[in-house]
Amino acid sequence: MKPLAKALVLAALALSLVACGTINTLKKKDDGLKRSSELWSDVPKMDGLSTSELEMPVYMKLLMRTALNQIAGRGAKDTGDWIVFDSTRTPDDVKNFYTNDRMAASGWDKSEKSTCVSGSEYGVAQVGLVCLFVRHNGDKDIGLMIIPAQAEDVRRTNVWFVRVESPRDSTASTTPQSTDKGTPVNKGPAPYGIDQRPMPTGAKVEQLLPAQVGPYKRESLRLGSSQNLTPEEIGGAIDGPIYADYTAGDIGVFVELGVMATVKDARDSLDVAVGDAAGGVFPSDPRFGARGQEPSYLKVIDSDGAFFAWTRGNYYFSAHAKAGEAALDAFVRAFPF
């Protein structure tokens, strides 16, 4: 997947995670973002923008951390510059101004498709759009995120700009656990015996997210901002993450399914989970994580509960039980894939 297309997929996943409340804490190191005094010279300034003194909210930091890190490399994940403006312009005005042609004329990589995803489609009402651009300058990779978000005064828009730069080879130097060639990391027996289970096939939600998993019953299905869909309404053309809520009594498990184009795309989704659920630090203990192999997986137990994400071929699954590890274990052990 090309860097820009990959970034857009990750931005969509980031919006989804913010919307469903999967991530509700930030590490202190996320405060590494620094406010810029002015817009950068390679970013054209739209008319009608006035500098704001707003501080960056949590959801904006989450979007930056999960999407821009993948554009500019892990070495830059905790540093960057940002600036915010007030405007009477609408999110569509922002999108229509920051076009591929205009940004390409300023040195940014050109894409034949739109570089924006809609926050409303993922249930994040305060985010109208997330527009992403990338460029390469010498030995640096640069990522830019533009987010027009609803201001407290609903007649106005806050337009956020976040920029991250990193050395071209930062990924290899800062995360030796992973390689672009998919070298297996943390070899060992997979948790829950997931490597011994049948591989998922097709795109039928009823099979991929069964109505009953052990003691847990599937209560709802969601696709983007659509709520309470049936498997038939979703159909077989899955072009985005699908979410399901399972319950057993008063215990709930939140599940995400992604049917990706390639195995690499599924493993890239696991990298997003590492940034969100594990603070960007991949575990060295094979009981809690493995990369670049079949299956790849991540397990996190913390104050937010228990989280497990795994890949089977080009399929990505994750399960989050706020009640803790016992609730997660009961669910994943009964899951078919």
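**Exercise 1. Locate Y192 and decide whether it is buried or exposed.**

Y192 is found in the loop between α5 (170-174) and α6 (205-208). Helices here are DSSP runs of H or I with at least four residues, strands are E runs of at least two, and both are numbered from the N terminus. The model is predicted, so local features need pLDDT of at least 70 and side-chain atom pairs count only at pLDDT 80 or more, while totals for chains, interfaces and linings use all residues. Residues are numbered from 1 along each chain as its sequence is written, and side-chain values use heavy atoms, with hydrogens and water left out.

Next, the relative accessible area of Y192 is 18%. Buried means under 20%, exposed over 50%, and partly exposed in between (1.4 Å probe, protein chains only). Y192 is therefore buried.

Last, phi of Y192 is near 65 degrees, a positive value in a residue other than glycine. Most residues other than glycine have a negative phi.

**Exercise 2. Describe the surroundings of K217.**

K217 lies in strand β9 (residues 216-223). Because its relative accessibility is 46%, K217 counts as partly exposed. Leaving out residues up to four places away in sequence, K217 touches A211, Q212, D245, Y246 and T247; contact means heavy atoms within 4.5 Å. T247 is 30 residues from K217 in sequence, yet their C-alpha atoms are 5.4 Å apart.

**Exercise 3. Find the cis peptide bond that ends at P295.**

Start with the position: P295 lies in the loop between β12 (289-290) and β13 (297-302). The bond from E294 to P295 has omega near -5 degrees and is cis. Most peptide bonds are trans.
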